[in-house]
Amino acid sequence: MNTLTPIIAQRLGLGQEQVDNTLALLDAGCTIPFIARYRKERTGNLNEVQIAQISELYEKLQELEKRKETILKTIGEQGALTPELESRIRQCYVSSELEDLYLPYKPKRRTRAQVAREQGLEPLAVLLKAQRERDPWQRAEAFVNDQVADAEAAIQGAQDIIAEEISEDARSRQTVRTAFERGAMIRSKVVKAKADSDEAAKYSDYFDFEEPLRRCSSHRLLAMRRGEKEGILRVTISPDDEQCAERLIRQHVRSSNECGQLVEDAVIDAYKRLIKPSIETEFANSSKTQADEQAIDVFAGNLRQLLLAAPLGPKRVMGIDPGFRTGCKVVCLDAQGNLLHHEAIFPHPPVNHRMQATVHVQQMVKDYGIEAIAIGNGTASRETSDFIKDLGLPKEVRVFTVSEDGASVYSVSQTARDEFPDEDVTVRGAVSIGRRLMDPLAELVKIDPKSIGVGQYQHDVDQGKLKKSLDQTVESCVNSVGVNLNTASQHLLTYVSGLGPALAKNIVAYRRQNGAFTSRAQLKKVPRLGPSAYEQCAGFLRIPGAKNPLDNSAVHPESYPIVAQMAKDSGCTVDQLIADKEKRSHIDIKRYVTASVGLPTLTDIMSELEKPGRDPREQIEEFEFDPNVTSVDDLEEGMILPGIVTNITNFGAFVDIGVHQDGLVHISQLANRYVKDANEVVKLHQHVRVMVKEVDHRRGRISLTMRF
């Protein structure tokens, strides 16, 4: 068993066998989606979130183990490592407590206490700490020398030594840490010189703000920290200083004599000058880390919803990147997303070639058999949508508004240049908009998730943790949907379990040279795609129309013999078994349980045989804004309007109501009940009805409610 298994199991509330088997699979190079989908028996049916938690905690504990070895080596070199201290360090699994143990031995710059020791004042410090001397000032006279001017200087030096020792005492630090945990307040005040500046206006809520740190939400803390970083706010974290100092005094002062008073002064100095700043920094960092994690969770949740948004599917699509002065960029795509035609139209002012644009769009719809139109939701989106809907196009041509966040980022990316080396950025952006309607997942994986516009303070959080979380989210979404092996782009294949940039490139090259794959087994012929990579990726790749119908399902090739046996026992072929619900209903899956295949896997197989290759995503729906409301000036309090949820944060949801400015439904306004998480009520791109609560023209804010 892994030595860290018991700790991970205890912290996550899981069985030790579950954790140990999961760690073994991760160490063997298995991906999280593969373990969650195809190794349920080994993990005790753990889901992706639990497996990721095990992986993350294991990495943290491994880093802690490395830190322990460094600390033990440093203390050992000083000749100060006792068996008791070594045992305490090895048994410690909390980073802050470990650093407390190390602090007295940590190499440090030349402190006031160090100077006092060099002046020979340590014996005086010991005498004061004993708190039995009746006249410490007289005893201090004996320490006066060419470096110590008088008894007062000697006493001060001894107090410096005592203050440092108290500040390095693990019990004292824990006392202050506990006070911070229970009652620390976070406060922010505006820097007076910046109070009236334009850039300070957005932080006006925090000009004179305080609340308990433990209640401070992620978005408020990150907002304050951003204001601090920009030099507009000063932010502090502090407990009740008097109570903290009093607790420390009770720990260290044991006498009411003059020595006791001098030690008390040293305790107060230790708290104010050394312990409090250190613990405040610790809590500033830990609260920021916690806020980062919450913001990253919000971002990852939104990204998951966006990636798993309903696809239109393989239809012939017209993509339009709308605009006024520069016109609307129009592209026509075939059912596979290939570019067939592009041009610009100018139906809006100032050019206003509306009639010409009408003729051109109608002709394109006819020439390219357009089945749906995707319009970007940026500038001139509403006007372009109205223009298209007024053209009298055939009813079967459906019109959708599509988020264009990140389309401009894609258009200048290397991926876009590789796909369309001869087209300019405007054409690439319009193609991205059209393809997003057909398959949001396949198109959005090409864009840096931070540019998709569904985050909360994403540029303020730990970028390494953010990238890791978002990459895991993309990988999870890609593998939960499955990927068509014969049409997937190189970029999309990169996220398939067990693959990566190199193998994805090799698959595309093999496909180009040898034609479409006809079976999963052919993957073994792809250069450098060995048995391990095949095991990891095969179940997530689909081949529609393959000779073996299981090649277009989530049934892993390792389970094909089980399905074949089921079919044989049912007196039919695999194709017939999939087609005949009656035959499947008579299968007793318990008969097929083996040492390596249990009921979880068999249940998954039966579910997949029912609808092989099904897309888990929902069906797409058309949407229309209120035709009478086109700008903020049209809004009136009490209006009830249709809208689309564009972003979800931990303080509410932003909704597009068609006025070029999203409104906010605060979390308290989402439902006629207490809502802890906005995702309980709304989902990204959900169609909702909202009421206008307030319009703040000065700050450009629209307040909405769903409580009506």
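**A colleague's note on this predicted model**

1. Helices here are DSSP runs (H or I) of at least four residues and strands are runs (E) of at least two, numbered from the N terminus.

2. Which residues bring H2 and H5 together? From H2 come Val19, Thr22, Leu23, Leu26 and Asp27, and they meet Ile51, Ile54, Ser55 and Tyr58 of H5; contact means heavy atoms within 4.5 Å. The residues of this contact divide into six nonpolar, two polar and one charged. In that scheme Ala, Val, Leu, Ile, Met, Phe, Trp, Tyr, Cys and Pro are nonpolar, Asp, Glu, Lys and Arg are charged, and the others, Gly among them, are polar.

3. Before going on, a word on the ground rules. This is a predicted model in which local features need pLDDT of at least 70 and side-chain atom pairs count only at pLDDT 80 or more, while totals for chains, interfaces and linings use all residues. Residues are numbered from 1 along each chain as its sequence is written, and side-chain values use heavy atoms, with hydrogens and water left out.

4. Now for the overall picture. The chain has 29 helices and 15 strands, and its C-alpha trace spans about 105 × 70 × 50 Å along the principal axes. Of its 708 residues, 49% count as buried, meaning under 20% relative accessible area, with exposed being over 50% and partly exposed in between (1.4 Å probe, protein chains only). Among contacts between residues at least 6 apart in sequence, 66% join residues at least 24 apart.

5. Aromatic rings are worth a look. Rings of Phe, Tyr and Trp (its six-membered ring) pair if their centres lie within 6.5 Å, with planes under 30 degrees apart called stacked, over 60 edge-to-face and the rest tilted. By this rule the count comes to seven aromatic pairs. In one of them, the ring centres of tyrosine 38 and phenylalanine 540 are 5.4 Å apart and the planes are at 65°, so the pair is edge-to-face. Tyrosine 38 lies in helix H3 (residues 32-38) and phenylalanine 540 in the loop between helix H25 (531-537) and strand E10 (541-542), so the pair ties together parts 502 residues apart in sequence. Both residues are buried, and ring pairs link Phe34, Tyr38 and Phe540 into a cluster.

6. Lysine 68 lies over the face of tyrosine 93, at 3.6 Å from the ring centre. Lysine 524 is placed over the face of tyrosine 534, at 4.8 Å from the ring centre.

7. Some backbone details deserve a check. Most residues other than glycine have a negative phi, and most peptide bonds are trans. The bond from proline 349 to proline 350, however, is cis, with omega near 10°, and proline 350 is in the loop between strand E6 (339-345) and helix H16 (354-367). Glutamine 131 has a positive phi near 60° and is buried at 5% relative accessibility. Histidine 660 also has a positive phi, of about 65°, but is partly exposed, with a relative accessible area of 48%.

8. Finally, is leucine 485 buried or exposed? At 0% relative accessibility, leucine 485 counts as buried, and its place is the loop between strand E9 (483-484) and helix H23 (490-494). Leaving aside neighbours within four places in sequence, its contacts include Ile507, Phe517 and Leu541. Alanine 678, in the loop between strand E13 (663-666) and strand E14 (687-696), is buried too, with a relative accessible area of 1%. Not counting residues up to four places away, alanine 678 touches Ile648, Thr649, Gly652, Ile667 and Leu670.

Note on methods. A charge sits over a ring if NZ of Lys or CZ of Arg is within 6 Å of the ring centre and within 35 degrees of the ring normal.
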